[in-house]
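Work through the exercises below with the model open. Each task is followed by its solution.

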Amino acid sequence: MIIWLIKMNEKSILFGTSHIFSIKEFFDGKLKNTQQEAESKRPTNCAYSQIYTNKEESMENQVQEDMKISFNIPQVHGLEPSREKDKDCKIQEENNNGHNMNLAITNCTGESQGKLAEVINHYAGTLNQEISHLLGYPTNQSFDYSALAPLLHFHINNVGDPFMGSSYGVNSANFEVSVLDWFAKLWEIKKEEYWGYITSGGTEGNFHGILLGREKFSDGIIYTSQDSHYSIFKIARMYRMKCMKVSTLVTGEIDCANLKTLLLAHKDKPAIINLNIGTTVKGAIDNIDIVIQTLEESGFSRDRFYIHCDGALFGMMLPLLKQAPSITFKKPIGSITISGHKFLGCPIPCGVLLTRLEHINTLCKDVEVIGSRDTTISGSRSGHAPIFLWYALQKRGIIGLQNEVHKCMMNARYLQRKLRDAGIGTMLNEFSNTVVFEKPLDIEFIRKWSLAYQGNIAHVVVMQHVTIEMLDSFVDEFTKKRAIWFQYGLRKPICLADEIGAENCICSLHN
């Protein structure tokens, strides 16, 4: 048993016991009494008792050694430290989204259903509180899948190729193919020309899309913008591929002038291009047409490049907007992926990957034990996810989805105006629901509203569950906080011209 001694406000806490000791109490022998008390409470009908017995003789020596361990509260760089140490410690203790529940699994005979229900109900209440302030992450929390509750009585597994099924009969391959057919129509590719599957999320879709590019061009180089999702750079490391990081415009869109320079410097190698249909922080959309033109101007014919589109959020939204850039397989792209839990909304992370059928043949391998082909990144795959996605598409229909896209865009523009009227520098890209602004200086404020931030900027992603009332409350609180941060003129808003453009910056130089 390891006992941790932590100094906090002139007291010490021994983790592994339920008692709080002062330093004096510790050396007065109170520890021994508490150990004896703990001894009487040890379980005697399971393996825990043996563990305690084996450790008993060395406990006091271990305590002396562990007294040397110090505990430091992690700090978030660039944020105001809490005013009191007590508050800092409280934040650390509640770092698990404020869920102050004892979830340790210690009951050897199993917990009662009543107790379990109490924990789950408490947790559900906590989640509802979190959702009421969830602004910084692109997950749609406005859905109701209670009609699918009967399916939770089954383990549904879509192992193998969805178009072949498998020898595991409890699968939802038919639902999966129906969802894939819907996206094939959305992205304009014929049924007989595409292949795809339901993934565990956008990252797996990126893994598969880049893998297809690498299988086609084993010596290919990845080109992706510096604003790309972190998974792309992880994929390059894991696949041990050379990756060229392309600079971006102030909007976050890929800089095709820099892309052309890099392409010309590596003309002897095929190009594997990752394009962002909505970047993580700024919601920028890489222009597919200009990138293709840049490839051709750099001497790359269509048999020497592969384009993967990371459309985690916008890959589904843009086709539902008039005048938006078209996301279509009529252009020479190799694969597209989206996250199912983002715009559509799903209680479990999932995604959709589509590619051209010709590309999947390089990965095909029959696996007798599952009675299917091994064509996916993961083996066992959730059979519930395709049903959730199918249900969402069927229930809302194309008109309902279009209305949701327009509502998100309209509310994003509302937030942008509200922030500007409050004197806060902000940026909103065209066809985007990601509103970018100066990073708040208070970590508690950031955590309360679940804001995502990078460097000097933060953002709100206006999803379906985000109401006008939430946005009003957020801006009102933000404005009051800023009045405190910048009072007396001792501190002023920093210049964000490089991050959001001079026309959007409200610093003393550009205001």
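**Exercise 1.** How do the residues of the lining of the second largest pocket divide into nonpolar, polar and charged?

*Solution.* Start with the basis. The model is predicted, so local features need pLDDT of at least 70 and side-chain atom pairs pLDDT 80 or more, while totals for chains, interfaces and linings use all residues. Numbering runs from 1 along each chain as its sequence is written, and side-chain values use heavy atoms, without hydrogens and water.

Next, the classes: Ala, Val, Leu, Ile, Met, Phe, Trp, Tyr, Cys and Pro are nonpolar, Asp, Glu, Lys and Arg charged, and the others, Gly among them, polar. The count is 16 nonpolar, 21 polar and three charged.

**Exercise 2.** Which residues are the closest to the centre of this pocket?

*Solution.* The second largest pocket holds about 820 Å³ of space. (A pocket is an open set of points on a 1 Å grid over the protein atoms alone, probed at 1.4 Å, with protein on both sides within 12 Å along at least five of seven lines; lining residues have an atom within 4 Å of a point.) Of its 40 lining residues, Tyr137, Pro138, His229, Thr280 and Lys342 are the closest to the centre.

**Exercise 3.** At what angle do the axes of helix H14 and helix H16 cross?

*Solution.* Take H14 as residues 384–421 and H16 as residues 468–485. (Helices are DSSP runs, H or I, of at least four residues; axes are lines fitted to C-alpha atoms over the stretch in contact, with angles from 0 to 180 degrees between N-to-C directions.) The axes come within 10 Å and cross at roughly 20 degrees. H14 is therefore roughly parallel to H16 (angles under 35 degrees).

Notes. Grid points are joined across faces, edges and corners, and a volume is the space filled by probe spheres set on the points. Helices (H or I, at least four residues) and strands (E, at least two) are DSSP runs, numbered from the N terminus. Angles under 35 degrees count as roughly parallel, over 145 as roughly antiparallel, 65 to 115 as roughly perpendicular and the rest as oblique.
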